[in-house]
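Notes on single residues, strands, chains and contacts follow, grouped by topic.

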Amino acid sequence: MPRRLLRDGEVVADDWRYLSEVQGPDGGPLILTIDQWLSDRERWIADNGRLGVILAPAHKVELLARDLARFALIGAEFPGPSDGRGYTQGRLLRERWKFTGELRATGYVRRDQLFFLARCGFNSFELPDSEIESASTALATFSAGYQPSNDAGLAVKLRHR
Amino acid sequence: MYRYDVIDKTLVTERVAQFRDQTRRHLAGELSEDEFRHLRLRNGLYIQRHAPMLRVAIPYGLLSSAQLRTLAAIARRYDRGYGHFTTRQNIQYNWPKLPEVPDILAELAAVEMHAIQTSGNCIRNITSDHLAGVTPDELEDPRPWCEIIRQWAALHPEFSYLPRKFKIAVTGSARDRAASLVHDVGVHIVRNTEGELGFEILAGGGLGRTPIIGQVVREFLPRAHLLSYLEAVLRVYNREGRRDNLNKARIKILVRSLGLEEFRRRVESEWELIKDGGLRVAEADVARMRSFFNPPAYRSLHESQPAAGRDTAFRAWYRYNTSEHKVPGYRVVYVSLKRADVAPGDATDAQMELIAELADRYSFGEVRVAHTQNLLFADVEQENTFELWRALDGAGLATPNIGTLTDIICCPGLDFCSLANAGSIEVAKLINERFDDYDYVYDLGELDVKMSGCMNACGHHHVGNIGILGVDKGGEEWYQITIGGSAGADASLGTVIGPSVAKADVPETIARLLDVYVERRHPDERFLDTMRRLGVKPFKERAYAAPAAA
């Protein structure tokens with residue numbers, strides 16, 4: 001059964017595979033770890049397939065700066081409920097590096113994190129099966145936010161009060 | 001004071017709904033204890049020794065009488081009839097029941113209060129000078145800036161899962177009454193050589209296991225950039241702060257390991273990239289925020305001498321429990337929560353209601369919380385102080401000891417906190433019993449005693465002129481004593497005088513330290529200054545001299 005995820009507010013079947021889940025590149029969209037990308041960068045570029053890459057919390061997004069246009073998906077891995085580095089990765093990718101592809105949260109992702117993740121630019125979420133159907137409501141937990149952010153529609157600037 | 005608009009109201013109401021749902025899922029077994037822990041902490045809810053403990057934010061220490069009445073009603077209805085005011089201008093309830101916490105939060109939301117980010121690894125309650133707006137020594141009222149920071153920090157999507165907790169204090173006066181040098185970030189309103197007001201930004205201060213005094217990261221920040229600069233500091237911290245060791249995760253360790261120069265370089269280069277973005281604070285926004293903190297309608301009065309000809313008890317109270325106000329004919333009046341037989345910082349529901357009523361009658365309906373765990377009325381007509389004193393005295397709220405030895409700052413300690421090694425409340429009581437002679441206490445002058453029940457230093461013992469730390473020695477409670485700490489603009493960390501002492505010996509040891517002071521002080525010299533002049537040696541020798549302490 002294909003993995004399901006929440007993308008742009010809808011539960012969908014994942015059309016991406018992690019490299020570890022396939023026998024070898026089969027022409028379909030593939031998600032690499034950053035090590036898989038960096039160690040074989042020239043070959044991946046030559047293959048010219050549809051690629052995604054996952055950052056671990058310690059990775060600086062600047063690592064991907066020169067290659068950003070080669071990725072249709074960038075993911076941030078959340079190792080547990082307390083590591084918040086991925087939120088900064090998301091904002092920097094969207095706001096500073098203007099990444100417009102799929103920004104995916106993977107690892108420990110629960111409905112209670114979705115609102116902040118979405119405000120940081122994430123639009124797809126690998127959630128546990130037990131939460132996936134009910135999670136989209138969490139995207140509407142708050143109807144405003146104080147901080148200007150990439151989701152400009154939510155930003156409340158003091159002067160607009 | 002600041003009043004919520006429709007957006008603020010909506011956000012706190014939605015927060016209550018979110019937490020109600022999280023609590024329901026936890027009680028239904030859908031969220032494990034560990035998963036729920038991360039969520040409840042962000043709403044100020046700890047599971048403590050006896051029961052959950054709920055910490056409610058009092059932003060920069062300012063309360064309306066209506067809010068204080070609600071705090072009293074919560075104490076009566078959901079707790080055991082009292083609350084504990086903390087060193088960070090919060091109030092804690094020690095006995096709420098978990099299923100009722102969402103209802104408590106709803107009652108708070110109804111009076112524009114919340115428990116958002118009062119614990120957990122996020123930006124905590126913004127604290128400030130309890131004399132903001134009324135003290136003659138202030139450059140500018142810091143509270144509008146506190147509220148601007150509060151809103152930026154509230155539900156911040158990027159900085160809600162930091163390496164560790166993050167505390168910000170803001171002051172507008174050269175006399176630091178907010179302990180800003182021992183905060184993760186201190187914001188000081190300053191004037192540059194061109195005469196413009198802006199901010200000096202400090203970072204890396206903190207107490208706990210590794211006490212460090214904050215260092216200046218930027219000497220002058222133009223006011224429009226306050227939020228972008230804080231965002232840059234937080235972003236560097238969120239990316240670079242250690243997450244492998246809880247005891248090394250505060251920003252002070254990052255500043256120390258990078259070195260101030262390199263830390264500053266990283267903050268400044270991040271800030272360069274964001275300083276002209278959406279966080280720029282427009283002057284119109286500042287003006288609008290400032291309008292919430294306009295001075296109340298003071299009457300045109302002359303200075304008076306309300307203590308003249310009154311009895312000794314009132315004169316002592318007036319001298320110690322009131323202080324200067326910038327408007328003629330007015331006085332700041334402290335409500336001492338340091339009665340000998342009560343845990344420091346505790347107030348009952350009835351006391352809170354009385355204080356609310358007195359605020360309405362005498363101080364424009366506002367009350368403040370000082371980080372020294374006392375309350376105060378900021379704007380009392382001098383001519384009304386006698387009546388006010390009588391009302392406070394009748395409720396046990398006029399102990400004339402503000403700023404003296406028995407005005408002890410103290411954490412809840414072993415009796416309530418699951419982290420503590422030792423009972424701090426009982427030691428405070430022993431000290432009060434030993435030093436019950438007011439003439440002696442007054443003769444000692446300004447003296448600041450701070451006590452923590454464990455290394456986490458919630459009682460700020462490192463920066464007490466005399467600091468007391470509860471330690472565990474083979475299952476017994478012992479107390480380590482430091483001297484020479486200060487939380488003011490001349491902040492310093494105390495020096496340990498020697499081996500820890502048994503609980504019963506704490507008052508005697510303090511008495512010996514004070515004997516050295518009394519014998520060797522210069523005229524008008526504070527304990528802190530005598531100690532700094534003489535060094536720790538004579539104090540140490542006396543403290544441990546034979547005969548052994550009783």
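A:Leu38 counts as partly exposed, because 14 C-beta neighbours lie inside 10 Å, whereas a buried residue would need 20 or more. This residue is found in helix α1 (residues 34-39) of chain A. The C-alpha atoms of A:Leu38 and A:Arg110 are separated by 30 Å, and the two residues stand 72 residues apart along the chain. The model is a predicted one.

**Chain A as a whole**

- Chain A has a secondary structure of 5 helices and 8 strands.
- Read from the N terminus, its elements follow the order β-β-β-β-α-α-β-β-α-β-α-β-α.
- Chain A is as compact as a globular protein of its length, because its radius of gyration of 16 Å is close to the 15 Å that the globule rule gives for 161 residues.
- The C-alpha trace of chain A spans about 55 × 35 × 25 Å along its principal axes.
- Of the 161 residues in chain A, 41% are buried.
- Among contacts in chain A between residues at least 6 apart in sequence, 44% join residues at least 24 apart.

**Strand β7 of chain A and its partners**

- Strand β7 (residues 102-107) of chain A is largely enclosed by the rest of the structure, because 5 of its 6 residues are buried.
- Strand β6 (residues 71-78) of chain A pairs with β7(A) in the parallel sense, over 6 bridges.
- A:Ala76 has A:Ala105 in β7(A) as its bridge partner.
- The chain passes from β6(A) through α3(A) to β7(A) in a right-handed β-α-β crossover.
- Strand β8 (residues 124-125) of chain A runs parallel to β7(A), and 2 bridges join these strands.
- In β8(A), A:Ser124 stands opposite A:Arg104.
- A right-handed β-α-β unit is made by β7(A), α4(A) and β8(A).

**Contacts between chains A and B**

- In the contact between the chains, 28 residues of chain A meet 31 residues of chain B.
- On the side of chain A that touches chain B, the elements giving two or more residues are α3 (85-96) and α4 (114-119) of chain A.
- With 5 residues, α3(A) gives the most to this side of chain A.
- By class, the side of chain A that touches chain B holds 11 nonpolar, 8 polar and 9 charged residues.

**The largest nonpolar core**

- In soluble globular proteins, nonpolar side chains tend to be buried together.
- The largest nonpolar core here has 198 residues, of which B:Ile149, B:Val233 and B:Ile355 touch the most other members.
- Helix α6 (residues 226-240) of chain B supplies the largest share of this core, with 9 residues.
- Leaving aside residues up to four places away in sequence, B:Ile355 touches B:Leu68, B:Val335, B:Val367 and B:Leu375.

**An antiparallel sheet in chain B**

- In chain B, 5 strands form an open sheet with antiparallel pairing, in the order β3-β14-β15-β12-β11.
- At the edges stand β3 (62-64) and β11 (322-323) of chain B, each with a single partner strand, so one side of each is left without a neighbour in the sheet.
- β11(B) pairs with strand β12 (residues 330-335) of chain B in the antiparallel sense, over 2 bridges.
- Opposite B:Thr322 stands B:Val333 in β12(B).

Technical notes: Residues are numbered from 1 along each chain as its sequence is written. Chains are lettered from A and ligands numbered from 1 in the order in which they are written. This is a predicted model: local features need pLDDT of at least 70, side-chain atom pairs count only at pLDDT 80 or more; totals for chains, interfaces and linings use all residues. Two residues are in contact if their C-beta atoms, placed from the backbone, lie within 7 Å. Helices (H or I, at least four residues) and strands (E, at least two) are DSSP runs, numbered from the N terminus. Ala, Val, Leu, Ile, Met, Phe, Trp, Tyr, Cys and Pro count as nonpolar, Asp, Glu, Lys and Arg as charged, and the others, Gly among them, as polar. A residue is buried if 20 or more other C-beta atoms lie within 10 Å of its own, exposed if 12 or fewer, and partly exposed in between; C-beta atoms are placed from the backbone. Two strands pair if DSSP finds at least two bridges between them. A crossover is right-handed if, with the strands pointing away from the viewer, the path from the first strand over the helix to the second runs clockwise. The radius of gyration is taken over C-alpha atoms; the globule rule is 2.2 Å times the number of residues to the power 0.38. A nonpolar core is a set of buried Ala, Val, Leu, Ile, Met, Phe, Trp, Tyr and Cys residues joined through C-beta atoms within 7 Å.
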